[in-house]
Amino acid sequence: MTEPKADQDLPPRSTAAPANAAAKAVETSRDNRNQDMRATRPEFADVDDPKTTYPAQSWVEPGTPAYRRVAMALFLAGFATFSLIYCVQPLLPAFADDFAVSPTQSSLALSLTTGFLAFSILLAGAASEAFGRRRLMFVSMCAASALNIADAFIPDWHVLLVTRALEGFVLGGVPAVAMAYLAEEIHPRGLGLAMGLYVGGTAFGGMAGRVGVGLLTEFSSWEMALGVLGGLDLLAAIGFFILLPPSRNFTTRPGFQLAYHIEAWAKHLRHPALPFVFVIGALSMGCFVTVYNYAGFRLVADPYNLGQGAISLIFMVYLFGMAASSIAGGLADKHGRGPVMAAGILVALAGVALTLMGSIYGVIGGIIVLTSGFFMAHSVASGWVGRMAKQSKGHASSLYLLSYYLGSSVMGSIGGWFWTQRGWSAVAGFAGALLIIALLVSGHLWCYARRVETRPV
């Protein structure tokens, strides 16, 4: 069905009651078209309105055993993926010492992973159209876990960077596909919570990878820590494959149809709102990774002089991110994504400001607030992409995560220059500037969504 355009397709709704049968017929026709519009444009539908209808699909309903299996499986996927990506973050000072490299060079152990992950996600979203969502995620998790185990036996810095880049590349099969799977299989009324639980799994994985590897390094070595984590994530991959039901609302497309994929990506980039969500993902993630990358360098130096184990324990604040992502997902389902996203960015900005305090408690408190705000915004943005994209959801998710991880890779490395030149005040200023731009973009996106929701159809 062709969608009506803006306001020109129908006359404005009259506030007066129809005066005759002809007016009543027009009113009935308009109501029918409104109902059709809600069905074909669920991304802007009122999910709490019992009159809202959705396309007929075999949805996984909230509260069912299948819903719980999907939530647990995607939690494991988020855990494995993000523990493998970020396990090296607390090791950056150790890499700088062991391999005699600068802080900016040591950050490449993470930046290369996220950079290759960004481009791999773009390809993985297309590959999943041919090979299937569930299978591709499982293979990606297994391959990345094996590479992490191999990292434990690599004595050369440049070889380690190569394996970290490969690890990011193979992990691309998980994040974009996971978001697409949820958007396709979970009923829209439960999508916000399900996406929040998935993002909570990523937060738990990011925390466990950082904290576990940091503590094991304190008592043994970073090589042993990376090997143990790789083994645990291999078990998580097996559990994921057992729990996740096969797709019910997705059909594979045999072969690789380049023209189809290019058109799908181009269509999402032409969308009047989706590119703004991509920009928010890049800016907020760039800020988040910048702060976490160089907080370790700050805390091992005077006046804090913290050890590797103590620094890794700071990453326990990811627990706040887990809670914030789940809460934000539920709030977005009830109150709308625009206000919750803007609130998350404001909270993150307050956290960056708090890290400027000289007290160790102020620094840790700032990281807690930043983490909570970031995961609020990311959870909402992730769910919004799936709702806005009416077709080719895997392509839309891949574009969002391409922006997200490019922000991590590029901004995370640029932050090293600010740290080297002017110290923490420059790092915080850079991170804060990214969030201010993200807040302005989110305001524009929020206004756009409100215009669409209130526009007569």
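I started at histidine 268, which, leaving aside residues up to four places away in sequence, touches Leu274, Pro275, Ala389, Gln391, Ser392, His395, Ala396 and Leu399. A reminder to myself before going on: this is a predicted model.

I then checked where histidine 268 sits, and found it in helix H11, which covers residues 258-269. Is histidine 268 buried or exposed? Its relative accessibility is 5%, and because buried means under 20%, histidine 268 counts as buried.

**Whole chain**

Next I stepped back to the chain. I counted 18 helices and zero strands. There are 457 residues, and 56% of them count as buried.

How much of the contact pattern joins residues at least 24 apart? I took the contacts between residues at least 6 apart in sequence, and 83% of them join residues at least 24 apart.

**Leucine 319**

For a second residue I picked leucine 319, in helix H14 (residues 318-335). Leucine 319 comes out at 40% relative accessibility, so I noted it as partly exposed; that class lies between the 20% and 50% cut-offs.

Then I turned to helix pairs. Two packed helices are described by the angle between their axes and the distance between those axes, so I wrote down both for each pair.

My entry for H2 (residues 65-86) with H9 (residues 188-219) reads: packing angle about 35°, axes 6 Å apart. The crossing of H2 and H9 is right-handed. Sorting the residues of this contact by class, I have 13 nonpolar, nine polar and one charged.

My entry for H2 with H6 (residues 133-151) reads: axes within 10 Å, crossing at roughly 35°. Which hand does H2 show as it passes H6? The crossing is left-handed. I listed the residues making the contact: H2 brings Leu76, Ala77, Ala80 and Leu84, while H6 brings Met141, Ala144, Ser145 and Asn148. By class, the H2 contact with H6 has six nonpolar residues, two polar ones and no charged ones.

Key: Residues numbered from 1 in each chain as written. Predicted model: local features only at pLDDT ≥ 70, side-chain atom pairs only at ≥ 80, totals over all residues. Heavy atoms only, no water. Axes fitted to C-alpha atoms, helices over the stretch in contact; angles between N-to-C directions. Helix = DSSP H or I, 4+ residues; strand = E, 2+ residues; numbered from the N terminus. Left-handed = near helix turned anticlockwise from the far one by under 90°. Nonpolar A, V, L, I, M, F, W, Y, C, P; charged D, E, K, R; others polar. Buried < 20%, exposed > 50% of the residue type's maximum accessible area, 1.4 Å probe, protein only. Contact = heavy atoms within 4.5 Å.
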